[in-house]
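Visitor: I would like to go through a few of the labels used for this model and hear what each one rests on.
Guide: Then let us take them in turn.

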There are 4 protein chains.
Amino acid sequence: MSGNSLGKLFCVTNFGESHGPAIGCVVDGCPPGMKLDHLDIQSELDRRKPGTSRHVTQRQEKDEVEILSGVYNGVTTGTPIALLIRNIDARSKDYSNIAEAFRPGHADYSYWHKYGVRDPRGGGRSSARLTAPTVAAGAIAKKWLFETYNISISAYMSQLGKISIPFISYDYIDKNPFFSPNMEIVPELENYMDLLRKNGDSIGARIEVVANNVPVGLGEPIYDRLDADIAHIMMGLNAVKAVSIGSGFDCIGQLGSEHGDEITPGGFKSNNSGGILGGISTGQPINVSLAIKPTSSIRVERNSVNKNNEAVVVQTFGRHDPCVGIRAVPIVESMMAIILIDHALRYRGQCGIK
Amino acid sequence: MSGNSLGKLFCVTNFGESHGPAIGCVVDGCPPGMKLDHLDIQSELDRRKPGTSRHVTQRQEKDEVEILSGVYNGVTTGTPIALLIRNIDARSKDYSNIAEAFRPGHADYSYWHKYGVRDPRGGGRSSARLTAPTVAAGAIAKKWLFETYNISISAYMSQLGKISIPFISYDYIDKNPFFSPNMEIVPELENYMDLLRKNGDSIGARIEVVANNVPVGLGEPIYDRLDADIAHIMMGLNAVKAVSIGSGFDCIGQLGSEHGDEITPGGFKSNNSGGILGGISTGQPINVSLAIKPTSSIRVERNSVNKNNEAVVVQTFGRHDPCVGIRAVPIVESMMAIILIDHALRYRGQCGIK
Amino acid sequence: MSGNSLGKLFCVTNFGESHGPAIGCVVDGCPPGMKLDHLDIQSELDRRKPGTSRHVTQRQEKDEVEILSGVYNGVTTGTPIALLIRNIDARSKDYSNIAEAFRPGHADYSYWHKYGVRDPRGGGRSSARLTAPTVAAGAIAKKWLFETYNISISAYMSQLGKISIPFISYDYIDKNPFFSPNMEIVPELENYMDLLRKNGDSIGARIEVVANNVPVGLGEPIYDRLDADIAHIMMGLNAVKAVSIGSGFDCIGQLGSEHGDEITPGGFKSNNSGGILGGISTGQPINVSLAIKPTSSIRVERNSVNKNNEAVVVQTFGRHDPCVGIRAVPIVESMMAIILIDHALRYRGQCGIK
Amino acid sequence: MSGNSLGKLFCVTNFGESHGPAIGCVVDGCPPGMKLDHLDIQSELDRRKPGTSRHVTQRQEKDEVEILSGVYNGVTTGTPIALLIRNIDARSKDYSNIAEAFRPGHADYSYWHKYGVRDPRGGGRSSARLTAPTVAAGAIAKKWLFETYNISISAYMSQLGKISIPFISYDYIDKNPFFSPNMEIVPELENYMDLLRKNGDSIGARIEVVANNVPVGLGEPIYDRLDADIAHIMMGLNAVKAVSIGSGFDCIGQLGSEHGDEITPGGFKSNNSGGILGGISTGQPINVSLAIKPTSSIRVERNSVNKNNEAVVVQTFGRHDPCVGIRAVPIVESMMAIILIDHALRYRGQCGIK
């Protein structure tokens with residue numbers, strides 16, 4: 001129940017540091033009797049893994065997952081599923097120069113002051129590398145949600161820096177290095193990223209995630225609401241600074257007569273609610289939007305201090321994503337899946353299966 | 001640990017329905033030895049209570065709180081503090097016409113489908129009235145945070161519908177019915193609200209909340225991050241559709257060299273992070289912004305269905321806030337306090353007191 | 001989630017002090033759609049309430065329960081059920097003499113050292129009076145378990161001091177002041193208690209509790225085992241010093257070939273396991289036995305110290321149970337019910353309903 | 001928070017099956033800044049590991065632990081400590097004959113009915129082998145408790161079957177294969193065990209565990225009491241059927257004037273309470289006693305049924321402990337340590353450090 005676990009009935013406990021021996025997680029509460037192969041998990045990890053294009057970090061990690069428990073003869077047994085990913089390409093010397101200084105925008109400063117000790121290699125525990133176990137756990141959740149309720153979850157990039165990406169089709173998302181739902185804009189994105197990389201700088205992004213076929217009734221008011229739990233996991237993703245659901249910040253300027261989604265015998269007429277009313281799913285698509293800040297690891301010189309509070313200038317070399325938002329796409333899909341399965345199981349527990 | 005409790009060491013369990021006998025909460029984990037009087041709590045409830053101006057609901061509830069336990073001779077004992085607020089002005093007949101129909105934008109639809117039964121009076125469990133116990137619990141948290149760390153928390157309205165409210169001073173916030181930090185704009189806000197009320201419609205709002213003097217080190221990565229827990233409680237507030245921290249959605253268009261807050265021996269040079277890095281507080285002010293949707297209870301006619309999925313037209317009479325965002329101000333301050341005290345206690349537990 | 005809550009899906013949060021304004025609890029997670037009347041709860045409270053015979057405390061508390069929430073039109077709604085019991089007959093002056101001294105066997109010493117402050121009136125938070133809310137919550141659990149699975153739970157006294165009480169029939173349990181399953185021994189018990197009361201002393205007791213018709217499959221290894229959770233709640237009852245399941249301490253001297261219950265196509269041939277194997281229910285009766293220590297509040301003079309660690313002599317007057325084990329019977333039934341419903345709901349959540 | 005995690009601030013999540021690829025745990029919440037080497041953990045595992053004498057299972061497992069995270073440069077960082085133990089000597093063919101039948105006394109029956117699928121190899125998840133990760137986690141807890149509070153925890157065997165083992169000295173416990181505090185009785189124990197092994201049968205045992213130097217104030221009434229949490233973890237240990245604290249079942253026959261421990265300015269005069277009053281530690285030694293049932297895996301023929309509920313005769317060959325109580329000694333020490341550290345951290349959180 002401490003800070004590295006998530007979920008009540010489908011509970012994920014995450015461990016590891018960027019350059020330690022291994023990262024991984026324990027998934028406790030997966031229903032028994034589901035076919036599960038390591039390839040079900042590997043395929044999601046491969047979408048997130050580094051080194052897949054020149055626009056993401058060049059660290060070479062295969063991110064091969066090993067299932068240590070909870071699966072017997074290819075079927076889940078209801079016992080904890082432990083997943084292990086060894087760290088292979090850990091060049092710790094890259095970080096020796098910043099072990100004593102706090103990189104602006106990074107967690108170095110806050111970890112140091114909280115714990116009095118930290119693993120500085122690659123950001124240690126605060127590295128975005130620790131999203132890999134979340135993706136692995138989410139792969140299990142996605143499979144169960146699809147097989148049980150036909151739920152599908154898709155994320156995509158809708159904005160890169162100042163460049164808006166008009167939505168065309170989900171079909172394109174896995175066909176370009178940006179998870180863009182629009183192929184025509186890809187050259188513009190590539191040019192922008194090439195320039196950025198040359199400058200040693202980084203940029204923010206906006207990510208959308210949509211869950212379809214979610215049954216009505218998931219979420220427990222008044223604190224463990226479905227929207228609250230989605231906001232929790234999404235804001236907890238490295239670099240996220242804002243989370244919105246449905247009409248989001250646009251609701252501020254809306255009249256009640258515009259915002260409230262009317263209902264007909266055939267269903268809702270609009271979806272300003274983003275599929276959640278009173279913290280409980282309505283059966284409409286759940287729409288979430290995220291703001292992801294620019295990567296803090298840049299080659300541009302920045303002012304900072306060291307552990308002795310002396311002024312220093314920091315440049316971060318090493319292998320970094322110039323837009324950490326790109327690789328966020330498979331991660332946020334997994335996060336959505338984890339929240340949905342947890343609430344689906346809780347719903348079955350309290351209300352039975354209808 | 002079920003859906004109506006919040007917090008791990010400072011744990012709030014909320015109960016009640018809008019028109020049931022009473023609402024309230026149990027606060028478990030408050031440190032012993034703090035002076036606490038019911039007036040400490042009442043003063044915060046009075047800021048939230050209905051009927052204080054013509055711009056909020058005219059329901060007359062004194063919201064008088066009774067401390068049932070956990071305080072002896074005016075001092076907290078470390079045992080659970082139960083707080084009780086009786087419902088007085090519950091005119092249930094106002095709601096008889098909508099007991100069978102689902103009001104657009106309301107939780108009627110989702111509650112009905114989830115539980116198969118619901119208390120329709122005044123929204124029952126999904127009413128914003130249930131924020132009163134949260135405010136009461138937050139009053140205890142605020143007092144402890146101020147006495148222990150000198151933490152102060154202030155919220156205010158920064159936008160009403162399309163009207164932006166330029167920040168002038170915290171001094172004005174409690175001097176006008178809108179919790180506006182700007183007195184000059186108040187007449188414009190009043191005119192707008194008067195018109196809106198005449199039309200029987202409602203409008204959204206944007207609320208800012210700031211916590212000062214938060215010590216460095218609060219928050220537990222990688223899931224119980226401070227920003228994640230703030231997003232959780234804030235998105236869980238009725239009508240909230242978006243939560244942002246620090247530069248929020250603006251971070252999308254920022255370069256890394258702009259966004260990452262530089263540090264000098266005298267402190268940070270900017271606060272794009274909103275006081276949180278890697279999920280842990282930095283000691284800077286924590287800045288959060290919320291989008292609050294327009295009230296769903298409006299007199300304007302809307303299309304909907306009843307329990308038999310037959311088309312109906314719904315108008316909601318009764319006594320409602322035309323901008324539920326107004327009364328959100330004291331609530332979000334309380335919510336911030338609850339998150340901060342919980343993490344402060346957890347920090348003491350794991351890391352000791354420095 | 002703090003120390004005064006119990007259960008994951010059926011979660012009970014207890015509050016109150018013996019002589020404060022009120023005691024009570026919030027039951028979060030009760031399934032919706034069950035008929036529930038305050039009399040369902042009152043009938044269990046009446047079995048536990050003080051003053052029912054000369055062998056228990058003469059404090060006069062009607063223990064009238066008020067349902068504050070979670071029930072609408074006589075049916076549970078799935079939202080938290082708050083239960084309130086006002087303290088009426090609180091003669092705090094009885095305790096003024098021991099506010100500064102620590103009564104041997106009581107929690108005075110440990111509460112004082114832990115919290116630095118305590119409510120001494122009637123034992124404050126550590127009073128056995130706080131079992132009343134547990135009984136109230138258990139009444140709800142018992143009703144649901146009986147209606148859903150036909151589960152019945154019965155407890156009785158099997159030993160009073162050195163006097164063994166041979167089991168005759170469940171029919172007698174509610175027909176004598178000792179919850180004895182044997183009427184013939186009642187005069188002996190009464191004589192013993194009368195003598196004891198005259199001497200101002202107290203005595204221990206042994207209580208058995210049996211749950212029938214529990215479905216196979218409840219319990220979650222390896223930590224939230226059904227036997228572990230039963231031991232937790234039972235050892236947490238005031239004055240309990242030992243808990244055993246099935247053959248209990250007798251298993252030490254058993255051979256494996258004696259202890260392991262053989263199975264036939266018609267069922268198990270014995271029940272040394274007490275209905276639980278590997279932490280999961282087997283469908284056999286669950287048998288639990290408890291040792292309850294003698295009441296610590298006695299008129300006999302005892303040596304102790306006060307807050308300044310000065311030697312004092314303590315006698316406890318006031319109105320006390322000379323055998324606190326007597327009134328434990330309805331309490332332990334309720335406790336068993338709370339554990340069983342929580343695991344039944346968790347089982348439905350993870351495994352579905354078969 | 002699901003069934004395989006334990007503790008609130010020091011949280012252990014256990015995974016693995018007896019004959020799967022690996023077993024292990026994640027320890028979340030260990031305070032930062034403590035020196036920790038894998039040998040600190042290995043030394044405790046070596047006390048528990050199989051094959052150390054002819055009186056325990058002959059399975060050859062080195063139980064070598066690998067620290068995967070949470071330790072940097074030999075010091076804990078406050079982040080999760082993942083511990084991995086590979087299964088080496090897994091002869092699954094030994095179990096092929098019982099994959100379809102339910103061994104009397106084993107969890108086969110209840111797992112099968114709960115999950116509908118199970119890993120039968122070596123008992124799968126229900127194997128006592130899964131106590132190894134608990135021992136590993138407990139080794140960390142023990143180290144912290146000793147360094148912080150000078151707490152020491154010792155367990156020993158006090159009875160083997162019908163043979164009582166008079167206590168002589170803690171010094172002997174680690175000098176004989178039975179963890180007996182009495183060397184003179186060892187030959188008698190050896191003879192008994194040799195005979196038992198020859199007969200293919202098994203026997204129960206009684207284990208005592210004592211914690212010294214526990215500070216006053218640990219435990220959170222009224223549900224997360226220290227005695228309740230100790231009972232929970234101890235009853236959750238495979239094969240335990242009874243747990244008692246202090247005078248245990250003997251308290252039934254005691255008068256209040258005998259049982260309640262008197263206090264003098266120099267301390268308590270006796271320890272019937274077992275170091276816990278009102279669920280909170282008193283500073284006296286905490287004494288717990290456990291009944292451990294005979295091993296269910298025996299060569300003696302037993303009646304049972306298979307998955308089709310057809311009568312079968314079961315004999316369990318393979319390598320088993322004839323008295324599982326022997327190897328329980330290091331396990332229960334670890335369990336006590338886990339409970340104490342969790343409550344020590346919670347105490348610091350709520351009450352600060354005095």
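**Labels and their grounds**

Guide: Helix 2 (residues 108–115) of chain B holds B:W112. Note that this is a predicted model.

Visitor: Why is B:W112 called partly exposed?
Guide: B:W112 has a relative accessible area of 22%. Buried would need under 20% and exposed over 50%, so B:W112, at 22%, counts as partly exposed.

Visitor: Which residues does B:W112 touch, not counting those up to four places away in sequence?
Guide: They are B:F102, B:V117, B:R118 and B:K307. As for B:A328, its C-alpha is 26 Å from that of B:W112, and the two are 216 residues apart in sequence.

Visitor: What makes D:N306 buried?
Guide: The relative accessibility of D:N306 is 13%. The cut-off for buried is under 20%, therefore D:N306 counts as buried. D:N306 sits in the loop between strand 17 (302–305) and strand 18 (311–314) of chain D. Leaving aside neighbours within four places in sequence, D:N306 is in contact with D:E100, D:A101, D:F102 and D:V312.

Visitor: What makes the pair D:N306 and D:N308 a polar contact?
Guide: A polar atom of the D:N306 side chain lies 2.9 Å from the backbone nitrogen of D:N308. The limit is 3.5 Å, so the pair is within it.

Visitor: How do you know that C:R302 and D:E262 form a salt bridge?
Guide: Their side chains meet at 3.6 Å, N to O. The rule asks for a side-chain nitrogen of Lys or Arg within 4 Å of a carboxyl oxygen of Asp or Glu, so this pair meets it. Across the interface of chain C and chain D, the rule finds two salt bridges. By class, the side of chain C that touches chain D has 46 nonpolar, 40 polar and 21 charged residues.

Visitor: What is the area buried between chain C and chain D?
Guide: The area is about 8300 Å², and carbon and sulfur atoms give 59% of it. Of what chain C buries against chain D, C:K114, C:Y223 and C:K241 supply 11%, more than any other three residues. Each chain's share of the contact is 107 residues from chain C and 107 residues from chain D.

Visitor: Why is strand 11 of chain C said to pair with strand 11 of chain D?
Guide: Three bridges join these strands (residues 240–245 in chain C and residues 240–245 in chain D). Pairing needs at least two bridges, so the strands pair. They run antiparallel, and C:A242 has D:S244 as its bridge partner.

Note on methods:
Residues are numbered from 1 along each chain as its sequence is written. Chains are lettered from A and ligands numbered from 1 in the order in which they are written. This is a predicted model: local features need pLDDT of at least 70, side-chain atom pairs count only at pLDDT 80 or more; totals for chains, interfaces and linings use all residues. Side-chain values use heavy atoms; hydrogens and water are left out. Helices (H or I, at least four residues) and strands (E, at least two) are DSSP runs, numbered from the N terminus. Buried means under 20% relative accessible area, exposed over 50%, partly exposed in between (1.4 Å probe, protein chains only). A polar contact is a pair of N or O atoms within 3.5 Å; within protein, one must be able to donate a hydrogen and the other to accept it, and residues adjacent in sequence count only if both atoms are side-chain atoms. Contact means heavy atoms within 4.5 Å. Buried area is the accessible area (1.4 Å probe) that two parts lose on being put together, summed over both. Ala, Val, Leu, Ile, Met, Phe, Trp, Tyr, Cys and Pro count as nonpolar, Asp, Glu, Lys and Arg as charged, and the others, Gly among them, as polar.
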